[in-house]
Amino acid sequence: NKGRKENVWLVDRAIILQESAYCAKTARAAEPSDERDLVSFAMQIIKKRMLSSRFALRNTVANRLLALKAKEEADAPPSRSELREWQSDLPIGELMQERIEGRLLRTGVSRDAKRRNAEKKQLQTIGKLLDKAEDSPDPKIRRLVEDLEASVLPEPGEKAIIFTEYRDTLQALKTALTAHPAFAGGFTELTGGLSSSQRQARIARFHEPDCRLLL
């Protein structure tokens, strides 16, 4: 069991190193081109998703590969005003952020075939590493659950609110908590796009005694 944990740790470390190298190389290769800013923004998003969860990274790698394999762009890049809003310190709506970042990932790609092929190979390597780690818990989510076991479960009436930027990571959290005997059925979630009545109902659910977590 100890040897398996060490192997998983090595795979996770390899994923981080490969992803960091991929983002740096891709951004550097795009510097002489007109699309350098869009590519740089796309790499920033990929790094953030890598740090969020394995599941978020896996979905991002898959979507990025689809964009690189596409024969023509199916979407227009975000406008300058959208990019300014996305880059500003002011909060923007969750759905708008998702739309802008999705378009950046799809359109922030090199027009040069050689650079696109190099990027595809790097992403495929990362995908294979993610496959190796698929049967083991995400270390970030595992550690979070351990903290919740230690700080929430022993205290009667104790509750916790867990924030995450990405829906992919929210889904991974829901999967982990649903499989946990103490937390299954004891959490609710708030996301962008809910109606006022839906939000009120979920907040009310969080205040019920058996609901310990709000995602």
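Biologist: What makes β2 and β3 count as paired strands?

Modeller: In this predicted model, β2 and strand β3, residues 213-214, are joined by 2 bridges in the parallel sense. A pair needs at least two bridges, so β2 and β3 qualify. Phe187, for instance, has Leu213 in β3 as its bridge partner.

Biologist: Why are β1 and β2 called edge strands?

Modeller: The sheet is open, its 3 strands run in the order β1-β3-β2, and the pairing is parallel. Both β1 (160-161) and β2 (187-188) pair on one side only, which is what the name refers to.

Biologist: Why is Arg58 called partly exposed?

Modeller: Its relative accessible area is 26%. Buried would need a value under 20% and exposed a value over 50%, so 26% puts Arg58 in between.

Biologist: Where does Arg58 sit, and which residues does Arg58 touch?

Modeller: Arg58 belongs to helix α3. Leaving aside residues up to four places away in sequence, Arg58 touches Leu130, Asp131 and Glu134.

Biologist: How far is Arg58 from Leu83?

Modeller: Their C-alpha atoms are 25 Å apart, and the two residues are separated by 25 residues along the chain.

Biologist: How do you know that α4 and α5 meet, and which residues are involved?

Modeller: Contact requires heavy atoms within 4.5 Å. On the α4 side the residues are Glu82, Leu83, Glu85 and Trp86; on the α5 side they are Met96, Gln97, Ile100, Glu101, Arg103 and Leu104. By class, this contact has 5 nonpolar, 1 polar and 4 charged residues.

Biologist: What describes the packing of α4 and α5?

Modeller: Two packed helices are described by an angle and a distance, both taken between their axes. For α4 and α5 the angle is about 115° and the axes are 11 Å apart. The crossing of α4 past α5 is left-handed.

Biologist: What makes a set of residues a nonpolar core, and which residues have the most contacts inside the largest one?

Modeller: The members must be buried residues of the nonpolar kinds listed for a core, joined through side-chain atoms within 4.5 Å. The largest such core has 30 residues, and Ile15, Tyr22, Met43, Val61, Trp86, Leu104 and Leu123 have the most contacts inside it. At least two residues of this core come from each of α1 (2-29), α2 (36-52), α3 (54-69), α4 (80-87), α5 (94-107) and α6 (113-132). The largest share, 8 residues, is from α2.

Biologist: Which residues does Trp86 touch?

Modeller: Beyond four places in sequence, the residues touched by Trp86 are Phe41, Gln44, Ile45, Ile92, Gln97, Ile100, Glu101 and Leu104. A second, separate core has 14 residues, including Leu148, Val152, Leu170 and Leu173.

Conventions: Residues numbered from 1 in each chain as written. Predicted model: local features only at pLDDT ≥ 70, side-chain atom pairs only at ≥ 80, totals over all residues. Heavy atoms only, no water. Buried < 20%, exposed > 50% of the residue type's maximum accessible area, 1.4 Å probe, protein only. Helix = DSSP H or I, 4+ residues; strand = E, 2+ residues; numbered from the N terminus. Axes fitted to C-alpha atoms, helices over the stretch in contact; angles between N-to-C directions. Left-handed = near helix turned anticlockwise from the far one by under 90°. Nonpolar A, V, L, I, M, F, W, Y, C, P; charged D, E, K, R; others polar.
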